[in-house]
Amino acid sequence: MGISPCKCANCCARSLGPPSRRFSPIGRSAPPGGAANPAPRPRRPPLRWRQTYGAGEVAEEFLRNYGYTEVLGPQAPWPAERISCGFLLLGPSTRYPPHRHLAEEIYLPLSGTAHWQQGARGWEAQPPGTVIHHESGVPHAMQTGSQPLLALYVWRGGHLDQKARMEREHVR
Ligand SMILES: [Fe+2]
């Protein structure tokens with residue numbers, strides 16, 4: 001049994017096709033009508049999944065279930081100095097221990113309802129579509145349940161290359 005594509009014009013999102021045919025690098029939009037002989041696009045490095053912390057800093061179980069990839073920022077395919085944006089992925093039943101950083105942070109969960117905690121507040125379930133703001137220097141933590149968490153993040157201010165610090169009681 002196959003899945004047949006919907007033929008309606010109103011209820012379904014349309015396909016945008018491959019991103020490389022749709023979007024120009026930031027600040028290099030094509031002129032109206034398109035260029036007769038467009039210059040070759042700069043080849044962007046691929047997204048890389050990374051971890052802020054290393055073995056010995058946090059639990060091995062956390063490192064097996066955590067990663068992020070930066071799309072826009074100092075180390076990203078689209079370079080930026082004052083803002084960083086990417087995706088965080090946490091596996092099921094994973095606790096991201098309390099940590100803090102100078103940059104203020106905005107999260108937008110895209111998939112998976114996790115519990116989030118910051119400052120003196122209690123834990124709160126945050127479903128996809130919720131906007132979560134962490135002010136500079138305020139400790140915060142996340143705990144997933146049965147679902148993994150995929151969230152868009154934005155960092156701005158502070159020193160974007162300065163990594164987050166685990167709260168002392170969570171340092172290994
Ligand atoms: Fe954070």
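View 1. Valine 138 is partly exposed because 16 other C-beta atoms lie within 10 Å; a residue counts as buried with 20 or more other C-beta atoms within 10 Å of its own, as exposed with 12 or fewer, and as partly exposed in between, with C-beta atoms placed from the backbone. This is a predicted model, in which local features need pLDDT of at least 70, side-chain atom pairs count only at pLDDT 80 or more, and totals for chains, interfaces and linings use all residues. Residues are numbered from 1 along each chain as its sequence is written. Valine 138 sits in the loop between strand S9 (132-134) and S10. Helices (H or I, at least four residues) and strands (E, at least two) are DSSP runs, numbered from the N terminus. Apart from neighbours within four places in sequence, valine 138 has contacts with Arg100, Gln118 and Gly119; a contact means that the C-beta atoms of two residues, placed from the backbone, lie within 7 Å. Histidine 99 is 39 residues from valine 138 along the chain, and their C-alpha atoms are 8.1 Å apart.

**View 2. The open sheet of five strands.** The strand order is S8-S7-S10-S5-S12, with antiparallel pairing. Two strands pair if DSSP finds at least two bridges between them. Strand S8 (124-126) and strand S12 (165-166) are the edge strands, and each pairs on one side only. Four bridges connect strand S7 (residues 114-118) with S10 in the antiparallel sense, and tryptophan 116 has methionine 142 in S10 as its bridge partner. S10 is also antiparallel to S5, with three bridges between them; here histidine 99 is the bridge partner of histidine 140 in S10. Strand S5 (residues 95-100) is joined to S12 by two bridges, again antiparallel, and arginine 100 stands opposite arginine 165 in S12.

**View 3. The two faces of strand S10.** Which side chains of strand S10 (residues 140-143) are buried? His140 and Met142 are buried and point to one face.

**View 4. The largest nonpolar core.** Nine residues make up this core: Tyr66, Leu90, Tyr96, Tyr107, Ala114, Trp116, Met142, Leu149 and Ala151. A nonpolar core is a set of buried Ala, Val, Leu, Ile, Met, Phe, Trp, Tyr and Cys residues joined through C-beta atoms within 7 Å. S7 and strand S11 (149-156) are the elements that give two or more residues to the core. Leaving out residues up to four places away in sequence, alanine 151 touches Phe87, Leu88, Tyr107, Leu108, Pro109 and Leu110.

**View 5. Glycine 112 in a loop.** The loop that holds glycine 112 lies between strand S6 (104-111) and S7. Is glycine 112 buried or exposed? Glycine 112 is buried because 20 other C-beta atoms lie within 10 Å. Its contacts, not counting residues up to four places away in sequence, are Thr144, Gln147, Pro148, Leu149 and Leu150. Glutamine 147 is 35 residues from glycine 112 in sequence, while the C-alpha atoms of the two are 5.3 Å apart.

**View 6. Backbone at serine 93.** Serine 93 is not a glycine, but its phi is positive, at about 50°. Most residues other than glycine have a negative phi. Serine 93 is placed in the loop between strand S4 (83-90) and S5. With 13 C-beta neighbours inside 10 Å, serine 93 counts as partly exposed.

View 7. pLDDT is the predictor's confidence in each residue, from 0 to 100. For the protein, the mean pLDDT is 83, and 77% of its residues reach 70 or more. Two helices and twelve strands are present. Of the 172 residues in the protein, 16% are buried. Among contacts with a separation of 6 or more, 64% join residues 24 or more positions apart.
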